[in-house]
Amino acid sequence: MTPVSSVLEACNAGHSNPEPLALRWMRGVVPRAGREVIFGIGLNQLSEFCEERVPSQEPMQRAFFGSLTAGIICGYLSHVPHNLSTLKLLNPEKTYVEHTASLVRNSYRRVPSTVPKP
């Protein structure tokens, strides 16, 4: 799925990344592949793992809550690789370290002032 999503995202990024599509689709492919691995684990193993731990005896409830829990976990874990792949696609001149630092720096304004700074 990664090559297809890479091409689709690259087609939509043409307004801010002037590189040719043949080069642009590879921008951010490493975190995008990581995101796909996280989704695959969530769909295959984690949903069954969570389903086994639902206290209900009703099979439909167990499947529903197990899948819901696995989806929330995978969605949370995959949002950083998704953001990195998008940032790399839109700004290929920056390194992944610079993009990560930018994400961290921009998150400080969303942290409540009552939380102590590191």
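## S47 on helix α3

S47 sits in helix α3. This is a predicted model, so everything below is read from computed coordinates. With a relative accessible area of 12%, S47 is buried, because anything under 20% falls in that class. Set aside the residues up to four places away in sequence, and S47 touches G42, G66, S67 and A70.

## How α3 meets α4

Helix α3 covers residues 29-52, and helix α4 covers residues 59-90. The two pack at an angle of about 170°, and their axes are 8 Å apart. That makes α3 roughly antiparallel to α4, since angles over 145 degrees get that label.

What sort of residues make up the contact of α3 with α4? They divide into 13 nonpolar, 8 polar and 5 charged.

## R35, a buried arginine

R35 is another residue of helix α3. Is R35 buried or exposed? It's buried, with a relative accessible area of 6%, and the reason for the label is again that the value is under 20%. Leaving out its neighbours within four places in sequence, R35 is in contact with S5, E9, S78, P81, H82 and S85.

R35 also has a salt-bridge partner, E36, with the closest N and O atoms 3.8 Å apart. The pair still qualifies because the cut-off is 4 Å. On the accessibility side, E36 comes out at 22% and counts as partly exposed, while R35 is buried.

## The other salt bridges

How many salt bridges does the structure hold? There are 3, and the R35 and E36 pair is one of them.

Another links E19 with R27, where the closest N and O atoms are 2.7 Å apart. E19 is buried, at a relative accessible area of 16%. R27, at 22%, is partly exposed.

E52 is exposed, with a relative accessible area of 54%. It gets that label because the value is over 50%.

## An aromatic pair

What about aromatic rings? The count comes to 1 aromatic pair. It's formed by F64 and F65, with 5.0 Å centre to centre and 80° between the planes. Those are the two values to look at, because a pair of aromatic rings is described by the distance of the centres and the angle of the planes.

The arrangement of F64 and F65 is edge-to-face, since planes over 60 degrees apart are classed that way. As for accessibility, F65 counts as partly exposed at 39%.

How far is A33 from R109 in sequence and in space? They're 76 residues apart along the chain and 30 Å apart C-alpha to C-alpha.

Note on methods:
Residues numbered from 1 in each chain as written. Predicted model: local features only at pLDDT ≥ 70, side-chain atom pairs only at ≥ 80, totals over all residues. Heavy atoms only, no water. Axes fitted to C-alpha atoms, helices over the stretch in contact; angles between N-to-C directions. Helix = DSSP H or I, 4+ residues; strand = E, 2+ residues; numbered from the N terminus. Parallel < 35°, antiparallel > 145°, perpendicular 65-115°, else oblique. Nonpolar A, V, L, I, M, F, W, Y, C, P; charged D, E, K, R; others polar. Salt bridge = Lys/Arg side-chain N within 4 Å of Asp/Glu carboxyl O. Buried < 20%, exposed > 50% of the residue type's maximum accessible area, 1.4 Å probe, protein only. Contact = heavy atoms within 4.5 Å. Phe/Tyr/Trp six-rings, centres within 6.5 Å; stacked < 30°, edge-to-face > 60°.
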